[in-house]
2 protein chains.
Amino acid sequence: MPAKNRRYRNLMQAAGVTLAVGILSISSAHSDEAAKIAAIFGFGETSVAAQREIEKKFDAAIDPADLRAWLQNMSSAPNHVGSPHDKANAEFVLKRFKAWGWDAHIETFDVLYPTPREVAVEMLSPKPYKAKLRETPVPGDTSLGKLAEQLPPYTVYGADGDVTADLVYVNFGMPDDYKVLERAGISVQGKIVIARYGQGWRGLKPKLAQQHGAIGCIIYSDPSGDGYADDDVYPVGSARPSQSVQRGSVQDIPVRPGDPLTPNVGATKDAKRLSRDKAETLLKIPVLPLSYEDALPLLQALDGPVTPSGWHGALPITYHYGPGPAKVHLTVKSDWSLKPVYNVIATLRGAEFPDQWIVRGNHRDGWVFGASDPLSGHVAMMAEAQAIGRLVAGGWRPKRTLIYASWDGEEPGMLGSTEWAEAHADELTRKAVLYLNSDSNGRGFLQAAGSHSLQHFVNDIAKDVTDPQTGVTVHERLRAKLEAGAFENGGSVPDSVAKGEMPIGALGTGSDFTPFLQHLGIATLNLEYGGEDASGGVYHSAYDSFDHYVRFGDPTFAYGAAMARTLGRAVLRVSQADVLPHRFADLADTVSRYADEVQHLADEQRTRAQRLDKLLSGGTFKLAADPTKPRLPPAAEAVAPHLEFAVLDNAIERLKKSAGAFDEAVAKRGSGTDRLIQVNAVLATIDRAQLEPGGLPGRPWYKSLIYAPGVLTGYGVKTLPGIREAIEDHRWDEANRYIVATAKVLDGYSAKLDGAAALLK
Amino acid sequence: MPAKNRRYRNLMQAAGVTLAVGILSISSAHSDEAAKIAAIFGFGETSVAAQREIEKKFDAAIDPADLRAWLQNMSSAPNHVGSPHDKANAEFVLKRFKAWGWDAHIETFDVLYPTPREVAVEMLSPKPYKAKLRETPVPGDTSLGKLAEQLPPYTVYGADGDVTADLVYVNFGMPDDYKVLERAGISVQGKIVIARYGQGWRGLKPKLAQQHGAIGCIIYSDPSGDGYADDDVYPVGSARPSQSVQRGSVQDIPVRPGDPLTPNVGATKDAKRLSRDKAETLLKIPVLPLSYEDALPLLQALDGPVTPSGWHGALPITYHYGPGPAKVHLTVKSDWSLKPVYNVIATLRGAEFPDQWIVRGNHRDGWVFGASDPLSGHVAMMAEAQAIGRLVAGGWRPKRTLIYASWDGEEPGMLGSTEWAEAHADELTRKAVLYLNSDSNGRGFLQAAGSHSLQHFVNDIAKDVTDPQTGVTVHERLRAKLEAGAFENGGSVPDSVAKGEMPIGALGTGSDFTPFLQHLGIATLNLEYGGEDASGGVYHSAYDSFDHYVRFGDPTFAYGAAMARTLGRAVLRVSQADVLPHRFADLADTVSRYADEVQHLADEQRTRAQRLDKLLSGGTFKLAADPTKPRLPPAAEAVAPHLEFAVLDNAIERLKKSAGAFDEAVAKRGSGTDRLIQVNAVLATIDRAQLEPGGLPGRPWYKSLIYAPGVLTGYGVKTLPGIREAIEDHRWDEANRYIVATAKVLDGYSAKLDGAAALLK
């Protein structure tokens, strides 16, 4: 369920990173002869030649034709959780992994996954209308053959219900929209809301509606988002057809992902399960998604004041708030039985360090055919596994253990990956060195996000992968994009980009990295290509088909191949590295920037609240308002006290110093030391030190104090989440507590770095 | 033709003004008794009481019922130039002025005003469509009775023509849009363009199309501008109905307004006239306006690449560039005979200073019924004239001469006012102390723009006029609006606003002030109310009717009354002032800010050109571009040399010093001096010193070096235009020349101020 660029800060934002300069690659001190072979970050001069050779063979074994054939096969029928084709795909993948020499098996979990028995939306008055809720074949797409096997369009983990009420339009249904409603004097209490997709994760829309007293929620695809306002609609162009519906999860993933009934443990046959009413990630109100064809009559029937201009979509109507006179009847009845999810797990045992694991995953389940999401990424992962298999067949062995995972049940809420991570939590905690994720892939630019100590590692790889369209490296192309984009938008790139170091984003949620990064504290990367594909218009619909993908996704599968070469290279390098390829100054600088942000946020809030107070007491908003269009003044805001940031500032100073010292020690001593095993043992698990055992407020499953999905942003990341969200929500005591907790975590991290640096003395 | 907020910098922008503080009103040094009567800027303590008394009587004589009755009568039939009702309205107004005791007459000019004989737009292929080009009655508006008398929707001063070509969509048809077209590889050469209204003055759209080689131009009202995206369409709401068309002038007004055949002289019967082919303000290509109902089939038929998102209007289609396959046939045939314009000129001779004139004007001609534009402003002006007439009937006489003008022919290009100003140029140059303009009026906030030495004068008046809806002063309400608006937009107001001094905007063009301010150098103000009215949706259409105005413009005419009280007060105060009410520090600070802006602009351009050069030579744009959607890199830009700004900086330092010294001298000596007659004689004509006799490059009619309409912004102002436009267009030598010329003009202004200050010593 990628929803590209939602789950992490977008590139231009991330590009604010300032990097320390002049830190040397450990292989920078080449002898003259070795200098002929380009250095690889993490490798000493004696091992780089062999690695280059392996990578050359690996690259040669990637064939776009394979990706195309696998994609066509796997997307030939609906493959959602519980569907026959999902299981068939698992078996297909299992067979391939085995054929390629991997030790592979299917690991099954039994999860709560409601499937719709009855879904209906109808308008009772002023003019009866029954939503079609049906995606039909379009001319020119022959890959939609098994459309009949799809489930009806629905959102998973809303409540069952049969509700009738006046409708209220709530724009994107996000927190700021409810402030606008409040000032307009409009309540959603006892109403059914209709929100358009966009500006925030789907699952937050019904959650916020429920919190504000609504009894049902409709989410529709306004053509302003991914319809005719964006491109001609499919099959003429790539955009969402009028009858197309975006399905998706509305589980409360920011609380925790995975099977709602088995928090913290794997959903094995005999796992202890919560009763459904105790499962806090399930909504209490029914929710359904609509196409714009089905939404238009409802929106057209709304009366009440005209909404502000930011609320206007691209339908040819005047957007009103309501409530009513549109009266809507919404029905959802589901089959709440447990369903199996089938993870395919394939292992290649490490020859030297079998207890250092590199886990590589991509999900396999789609909402319907899932050609782009997720199979375009999945087939690239298969190409990597096949190519590695050929290396092994040629006598090569990984130093560290490789685990390739084809996850099931990602779409409803990262079910397969979360249950697996929970079931194997102890072993992963001891052994996992890296989790490497991907999801959908497409034509365009490298999109990288994850643990910032791996930023330089990603840059190093990007300089060795060729962009299929331009022939330059994907690194050079990305840099061109950032520089041209900044120029055209009237902005600028930071010095680091100008100097050639591309920033990586921070991860929120929305794909299978979440249990690894944020629950278990495993160093994580999510790498994909995109930005020139046009798969977004059919996101989570039946039209995300093979035929659509080969027209608008990655027609030649050249970017699928580039993806395999990028992520495969990451696997091979971490597997074979002399020193695990972290550069900690990048993390320190990034966290330092986050700390500046939260301090700035607190100051800004204080200034704003004081100014607001003055304007409110002067009656300014009342005087400024149009008396014929009553609009209440904004609510007063609590004035933030000054927070105790010193302890955080000190921890960051220490982190910068420790990171710099370690990086320098590696650069100086590098592979020349005989204590690499001990150093790597520290580095392998160092990211566990980013965890707070008690987790985040109200959501203890999320334990990272550096990265988390936002409670009110969903896929969107909150960095330093304990501090940032406490400030945003005016919980000052909690903010001070998490400043201390975060500082403590950073100090622990620094201590580990100091220990590793000492080994290099 | 107001197009509110286009002709001057909008309020929030204008709010950047920094004012000197602590400058005293000349009446600030009251004795204890006189202090009971509030001071008036420009009045000494001995004269303020009488003035207050007069203003009280004046206010009492303003009756909203009069405004309503006059508006209903005058908007009861189409009243464009040459129509029977336009002449009837002139006679109606003449009769009223005379009845109120004014010395009034009709002054007629004969102007080139083409009226349509045949207008047609049809699509020949791929699907025949003939535009209706017709506005029909709507249910519920009984004031549209004489709709049959309207001219067909057209734009005035395009060429006659009969052209057929493929259509190209050019977005708003502004300079940046042509850059986008060029980068997309799309030429309009030999094509017909279709542009949507908005983002720049109407007349620039065909002018730029013509410059780029197009052979015809269609301008349509996309519903994103003033249609259903804004409000429910009339008669349900205020917005433009689907068949409604915006008429208007496409004369090249930034070159000069007025009769195209008689530049610089009044278009009297026997004036020397240019032949039509020599009239440089006439376009060479035919132009027609369309409703969105008529534009939709044409836009829908366009093919070619999908346009960028900023080009998408609110029609339910994907917006393509073309060219074609839509092939369009456009016909315009006009009656090019001269037509009469009837200015009604009413005078009250000044008792003490008959040769100091205060000219007050509002135009009378509309495009159809013209209820809002211009009659809503015109009836307020009539109320002033009636109330002043009553004062005179009661024995009062103005000290200075008052001239009230009901202008005809403003809509096609300020014909009536320009010809009158040209015909009386010598006398106006000697005698005019102030030109005070208004145009449409509506419910809302005071909107003030003009000569910045009058900013404090406007503030002083605004503190004495009550806002009809809130009961506070219009000054306090405007301040609330600026402060609340800044808070809600995340911005801030400058200290001056926080301290209670509201900025006034700078004037471009778009109403009758232009010949006075920018051609003759007369101190000018344009004052109106608006911002809460919703008359904009029917701008320049048949639906700008009495019924529409009383629902959406100013239902109770309370703001018409407020307008009369504001502008009448300005007339009375300038008429009776002891010292003409300028505060020159405001002008000096404003011009100083403009000078900072142009210097910043030059620096920014240089930096940008250098950066662009680097990116172009590195091939960055080519690498960043999507190879499947060819987009050329931006064109290289010349790197600006450093300009010779020192002479301007010195002139501004001098102006600040001279202004401060004069203001202080007035505050100290004020009405206590016996040389007020000499001082006022200087102040009366001081704004003539803002003129450069040679005018602006390529448009010598425009002589002000402080304010001008932009060559490429139309109504939108360019301040320090000689310098600013030269920099914008990379004409560096010209920029240096106008820096010198502007400095010289400012020095001349300062010298006059020094002379006036010396009189006060």
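In the predicted model, B:Val121 lies opposite B:Leu330 of strand β10(B). The strands concerned are β2, residues 115–125 of chain B, and β10, residues 327–335 of chain B. They pair in the antiparallel sense, over nine bridges.

This pair belongs to an open sheet of seven strands in chain B. The order is β3-β2-β10-β5-β6-β7-β9, and the pairing is mixed. In chain B, β3 (129–130) and β9 (287–290) stand at the edges. Each has a single partner strand, so one side of each is left without a neighbour in the sheet. Strands of a sheet pair through backbone hydrogen bonds, either parallel or antiparallel.

A helix covers part of this sheet. Helix α6 of chain B, residues 204–211, lies across β6 (192–196), β7 (216–220) and β9 of chain B. It runs at about 150° to β7(B).

Helix α18 of chain B covers residues 558–576. At 1.5 Å a residue, its 19 residues should span 27 Å. The end C-alpha atoms of α18(B) are 26 Å apart, which agrees. Of the 19 residues of α18(B), 18 are buried, so this helix is largely enclosed by the rest of the structure.

B:Glu410 is found in helix α10 of chain B, residues 410–413. B:Glu410 has 30 C-beta neighbours inside 10 Å. The cut-off for a buried residue is 20 or more, so B:Glu410 counts as buried. B:Glu410 and B:Pro257 are 153 residues apart in sequence. In space, their C-alpha atoms are 9.4 Å apart.

The two chains were then compared. Chain A can be laid on chain B by a turn of 180° and a shift of 0.0 Å along the axis, with an RMSD of 0.0 Å. That is the relation of a two-fold axis. The same surface serves both copies, as 100% of the contact residues of chain A recur in chain B.

The contact between the chains takes 33 residues from chain A and 33 residues from chain B. On the side of chain A that touches chain B, α14 (474–488), α19 (584–617) and α20 (620–624) of chain A each supply at least two residues. The largest share, eight residues, comes from α14(A). By class, this side of chain A has 17 nonpolar, seven polar and nine charged residues.

Key:
Residues numbered from 1 in each chain as written. Chains lettered and ligands numbered in written order. Predicted model: local features only at pLDDT ≥ 70, side-chain atom pairs only at ≥ 80, totals over all residues. Least-squares fit on C-alpha atoms with pLDDT ≥ 70 in both. Contact = placed C-beta atoms within 7 Å. Pairing = 2+ DSSP bridges. Helix = DSSP H or I, 4+ residues; strand = E, 2+ residues; numbered from the N terminus. Axes fitted to C-alpha atoms, helices over the stretch in contact; angles between N-to-C directions. Expected span 1.5 Å × (residues − 1). Buried ≥ 20, exposed ≤ 12 C-beta atoms within 10 Å, placed from the backbone. Nonpolar A, V, L, I, M, F, W, Y, C, P; charged D, E, K, R; others polar.
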